[in-house]
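Here is a short report on one helix and a few backbone angles. Please look at the model first.

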Amino acid sequence: MTRVLLISLVSCLSVLNQARIIHRCDMAKLFFKEDMHGFEGYSVSDWLCLAFVESKFNTSKINENADGSFDYGIFQINSHYWCNDYLSHSENLCHVDCAELLAADLLSTIKCAKKIVSGAGGLNNWIQWKLHCSGRPLSYWLTGCQVA
């Protein structure tokens, strides 16, 4: 029994060690640098809210969905439509490997998110954004951040 508990504890610690959480203000600076402010009419606060409600700013988050597809990275971009994870059929509309959406520099993630937002629905493509961010005051996401 002790051995099972020890193995479980080590497994949990290794998973926690793999999580890459980016500070909100660092993410805001990157979003400004990558011209996300005003992109398709959305503010950096919109993008920060999306990243928080989808992943809690965890760049390494992966979530399995009921249909067998997976969501990847801070924006939880879905493998069925947007990236190729080589596990199931993918339309791969962003022309990117899903593993690239877990990179700490976020460049592939941002490029793909911009492609998604440029299409029909904008940020409404993310259910969590519609439920928790859309139509709400979001300026507090930049509170205390020294950004442009």
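Contact means heavy atoms within 4.5 Å. Helices (H or I, at least four residues) and strands (E, at least two) are DSSP runs, numbered from the N terminus.

## Basis of the values

The model is predicted: local features need pLDDT of at least 70, side-chain atom pairs count only at pLDDT 80 or more, and totals for chains, interfaces and linings use all residues. Residues are numbered from 1 along each chain as its sequence is written, and side-chain values use heavy atoms, with hydrogens and water left out.

## Helix H3

H3 covers residues 44-55, twelve residues in total. From first C-alpha to last, H3 reaches 16 Å, close to the 16 Å expected at 1.5 Å a residue. That expected span is 1.5 Å times one less than the number of residues.

Buried means under 20% relative accessible area, exposed over 50%, partly exposed in between (1.4 Å probe, protein chains only). Eleven of the twelve residues of H3 are buried, so H3 is largely enclosed by the rest of the structure. Among them are Trp47, Leu48, Cys49 and Leu50. Asp46 and Glu54 are buried too. The cover over the buried residues includes helix H2 (24-33), helix H4 (107-118) and helix H5 (127-132).

## Positive phi angles

The loop between strand E3 (77-78) and H4 holds asparagine 92. Its phi is near 45°, positive in a residue other than glycine. Asparagine 92 counts as buried, at 17% relative accessibility. Histidine 95 also lies in the loop between E3 and H4. Histidine 95 is not a glycine, yet has a positive phi of about 55°. Histidine 95 is exposed, with a relative accessible area of 69%.
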